[in-house]
Amino acid sequence: MNIKAKWYAWMAAAPVAALLVLWVQAQSAAQPAAQGSNVPATITPGSQRPVRPRTRQSAKKPPVAAAQPQQQQQQQQHLPARVPFTAADEAAAAIPGMPEARFWADSTADFKAALPAQPGPWLVLSSGGADGAFGAGLLNGLTAAGKRPNYSVVTGVSTGALIAPFAFAGPHYDQVLRSAYTKITAADIFEVGSTGESFLDSWPLKDLIAKEITPALLSDIAAEYKRGRRLFVVTTDLDAERSVVWNMGAIAAHGGDEAANLFRSVLLASSAIPGGFPPVLINVEANGKRFAEMHVDGGVGGQFFVAPAALLASTSNYQLPATQLYIVVDSGLDPAFDVVERSTPAILAQAVDTAVKVDTRLMLDRSYIAAKRSNIGFNAASIPQDFSAPSRGPFDPDYMTALFKAGYDQGRSATPFSSEPPAYPGPPEIHSSDKAGAK
């Protein structure tokens, strides 16, 4: 696998609950693995095959550190204290030298000012972990069918945020998406071991981002920004408990190393699953002082982003300046029965999965109402209800390949999008075999 495919596939970052399951299993596997190797083997959920996380070739952090007992690792963490700042400082904070780089997601005035001068179709990419393979396949299928418009606005949250730059840059990046979502494994994206801020260390992701957000890609994004198109990526500012929208095209157009590093940091932050991966500290300035904000996964504030919540409210009369609204939902929406084990990771996994489905459906309904109020077409694509390929755990290449194909086939079909939100499911069907098993 080439390094670009390895890097981009980390966009399929697993939900935090799945990472908790992975972490718990990794801890039980780490001790025996350390006896015969400097690198601990981990077992992904549902798999009997060990997967060895990559090891850093650096004297700063020897691979053997990952095999140390958890308590010892935590004792060795000496995270520096953060520079104190106030709520007033945070409200006024800006990126040094790049005031146009971002705005608060709840600021209606800043949102309107950042939009293109001319209306056009909008593409909205949701969170969804490894299920981002569906969205990657859908985009490839739309391209193959000649039905993919030149979106004037592209927004992304979490996994969607990591698809978004390549979707925005154009169909000539489709092969990157295909390779990423059919070849990644868990070993490509993290190192086992607590960082003091997370259960896993995501340094491999950071290293790969640094290599794969190339000057050429940034140049392509900057050129499209100057033509009037907009690329927005969302993170969550934990200090403020507010979502932040990053104007990625403006950052790319700024040029220079600082802009490139900020672009990469935002992408890392956009999928920094709280508790699973370390948060990303982003330097800002306000009121004569410099300090660092703590940013995590954009999905904390909502599964996708169309506009500030106040503009989408049923009481609002705001009309979206778009010609069509396309929303790609990279997650399942229907309940999935499973007898939950009496363990913290299993309980958390089922609870998070349920909450995400409810939140996504509510956001779809709100977006549908806003589109109708705006007299524009509403188009939603989601994972087919009959998709049933099994997954052996986070970043299972076989599962992602099957889901990519499902998305690709839907993209090439006569109706890749629905004009209404997916229907709410009725009560589950009870089959005779289920009744027999319950006796």
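This is a predicted model: local features need pLDDT of at least 70, side-chain atom pairs count only at pLDDT 80 or more; totals for chains, interfaces and linings use all residues.
1. Numbering starts from 1 along each chain as its sequence is written, and side-chain values use heavy atoms, without hydrogens and water.

2. Helix 12 covers residues 257-270 and reaches 20 Å from its first C-alpha to its last, close to the 20 Å expected at 1.5 Å a residue. Helices here are DSSP runs of H or I with at least four residues, numbered from the N terminus, and the expected span is 1.5 Å times one less than the number of residues.

3. How many residues of helix 12 are buried? The count is 10 of the 14, so the helix is largely enclosed by the rest of the structure. Among them are F263, R264 and L268. Buried means under 20% relative accessible area, exposed over 50%, and partly exposed in between (1.4 Å probe, protein chains only).

4. Helix 9 gives the largest share, five residues. Of the 23 lining residues, K206, L268, P278, P279 and V280 lie nearest the pocket's centre.

5. Is Y424 buried, partly exposed or exposed? Y424 counts as partly exposed, at 49% relative accessibility. Its place is in the loop between helix 15 (397-412) and helix 16 (432-438).

Key. Helices (H or I, at least four residues) and strands (E, at least two) are DSSP runs, numbered from the N terminus. On a 1 Å grid over the protein atoms alone, a cavity is a set of points where a 1.4 Å probe fits but cannot get out, and a pocket is an open set with protein on both sides within 12 Å along at least five of seven lines; lining residues have an atom within 4 Å of a point.
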